[in-house]
Amino acid sequence: MSTPSHPTAITFVEVGPRDGLQNEKRLISTADKLTLVQLAIGAGARRIEVTSFVNPQKVPQMADAEAVCAGLPQRDDVTYIGLVMNLRGAERALATGRIDQLGAVCVATDRFAMANQGQTSDESVAAAKVIIALAREHGRTAQATIAASFGCPFEGEVAEDRVVAMAASLAEAGPVEVALADTIGVGNPAHVARLVERVRAAIAPLPVRVHFHNTRGTGLANVWAAVAAGATVVDGALGGLGGCPFAPGAAGNVASEDVVYMLERAGIATGMDLKRMIEASHWLANVMDRKLPGMVAQAPVFPKAAEE
Ligand code: ZN
């Protein structure tokens with residue numbers, strides 16, 4: 001195996017306010033969601049997935065999407081991302097006037113696509129391309145995510161050729177990037193390195209973003225493999241919260257602070273302030289009233305702070 005040449009920097013995307021919270025049974029207040037967004041900004045996040053515009057009957061935690069948007073800090077230097085599954089969601093997101101970037105999601109398998117958004121996989125790609133085009137027509141940008149890129153809760157293995165073809169098709173519509181999402185946390189570093197490399201080649205010069213869940217403990221290893229293979233944008237959720245209402249057994253995202261600790265210690269800049277991320281994670285654990293899965297926030301500070 002050739003020695004991978006690591007980049008010197010990646011772009012970090014905080015997805016805690018949406019992916020982190022969406023599966024929580026207890027409704028989190030709009031005010032707490034906005035505090036989480038503010039803490040993420042304070043810790044350096046400049047791209048934040050703030051909510052999703054989905055059916056509130058199906059995802060009650062996201063029913064306050066419009067209220068969250070209305071309360072977002074006015075920041076020219078922060079890109080607010082709103083996740084949308086269809087045209088109706090895209091129109092809601094655009095109508096808020098506060099969403100800078102639409103997050104379009106398509107799914108690599110038919111059965112998960114039906115469960116997640118009532119479409120076949122092909123239909124979900126077509127819908128994502130319409131959403132990307134709509135965002136551009138409105139002077140916004142869009143990101144595209146391929147859910148279940150590394151495995152499906154219903155169909156099992158997902159063919160790499162299928163994911164590469166989907167990424168190439170999405171790239172034609174002009175998103176800012178294409179993401180590979182391990183929605184159910186089944187990926188392993190070898191698979192990740194292979195697929196990132198293939199997708200990178202298929203969509204260049206568009207960046208590859210990666211989105212990992214730590215369901216089986218491979219989350220951080222997968223982030224490392226992805227970055228080494230050329231992914232330049234990485235998602236994480238503060239505290240390692242997360243799950244998917246439509247994917248049985250889905251567990252938390254990789255914890256933002258764990259990702260940032262690993263990358264920064266390895267000499268890869270993230271633009272994030274780890275100390276403030278840990279403070280945000282502690283605040284979030286307090287709001288959730290339980291210990292969160294992220295590990296760095298539970299460990300002693302290393303190296304000992306010399307700056308104060
Ligand atoms: Zn996710």
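Helices α8 and α9 cross in a right-handed sense. This comes from a predicted model.

**Helix α8 against helix α9**

- Helix α8 covers residues 189-203, and its axis comes within 8 Å of the axis of α9.
- The two axes cross at roughly 30°.
- Angles under 35 degrees count as roughly parallel, so α8 and α9 are roughly parallel to each other.
- On the α8 side, the contact is made by P189, V192, A193 and V196.
- On the α9 side, A221, N222, A225 and A226 take part.
- By type, the residues of this contact are seven nonpolar, one polar and no charged.

**Helix α9 against helix α10**

- Helix α9, residues 219-228, also packs against α10, with axes that come within 10 Å.
- Here the axes cross at roughly 50°.
- That angle makes α9 and α10 oblique to each other.
- The crossing of α9 past α10 is right-handed.
- L220, V223, W224 and V227 of α9 meet D258, V259, M262 and L263 of α10.
- This contact has seven nonpolar residues, no polar ones and one charged.

**Helix α6 against helix α7**

- Helix α6 spans residues 121-137, and helix α7 spans residues 160-171.
- Their axes lie 10 Å apart, at an angle of about 25°.
- The pair is therefore roughly parallel.
- α6 passes α7 in a right-handed crossing.
- From α6, the contact uses S121, D122, V125, A128, K129 and I132.
- From α7, it uses R162, M166, S169 and L170.
- The residues of the α6 and α7 contact split into five nonpolar, two polar and three charged.

- D19 and H211 link distant parts of the chain, 192 residues apart.
- D19 sits in helix α1 (residues 16-20), while H211 sits in strand β7 (residues 208-212).
- D19 has a relative accessible area of 3%, so D19 is buried.
- H211 is buried too, with a relative accessible area of 6%.

- C244 is in the loop between β8 (233-236) and α10 (256-265).
- C244 and N23 are 221 residues apart along the chain, yet their C-alpha atoms are separated by 5.9 Å.
- Not counting residues up to four places away in sequence, C244 touches Q22, N23, F112, N116, T183 and A250.

- I278 belongs to helix α11, residues 274-288.
- V296 is 18 residues from I278 in sequence, and the two are 7.5 Å apart from C-alpha to C-alpha.
- Leaving aside neighbours within four places in sequence, I278 is in contact with V296 and A297.

Terms used. Residues are numbered from 1 along each chain as its sequence is written. This is a predicted model: local features need pLDDT of at least 70, side-chain atom pairs count only at pLDDT 80 or more; totals for chains, interfaces and linings use all residues. Side-chain values use heavy atoms; hydrogens and water are left out. Helices (H or I, at least four residues) and strands (E, at least two) are DSSP runs, numbered from the N terminus. Buried means under 20% relative accessible area, exposed over 50%, partly exposed in between (1.4 Å probe, protein chains only). Axes are lines fitted to C-alpha atoms, for helices over the stretch in contact, and angles run from 0 to 180 degrees between N-to-C directions. Angles under 35 degrees count as roughly parallel, over 145 as roughly antiparallel, 65 to 115 as roughly perpendicular and the rest as oblique. A crossing is left-handed if the near helix is turned anticlockwise from the far one by less than a right angle, and right-handed if clockwise. Contact means heavy atoms within 4.5 Å. Ala, Val, Leu, Ile, Met, Phe, Trp, Tyr, Cys and Pro count as nonpolar, Asp, Glu, Lys and Arg as charged, and the others, Gly among them, as polar.
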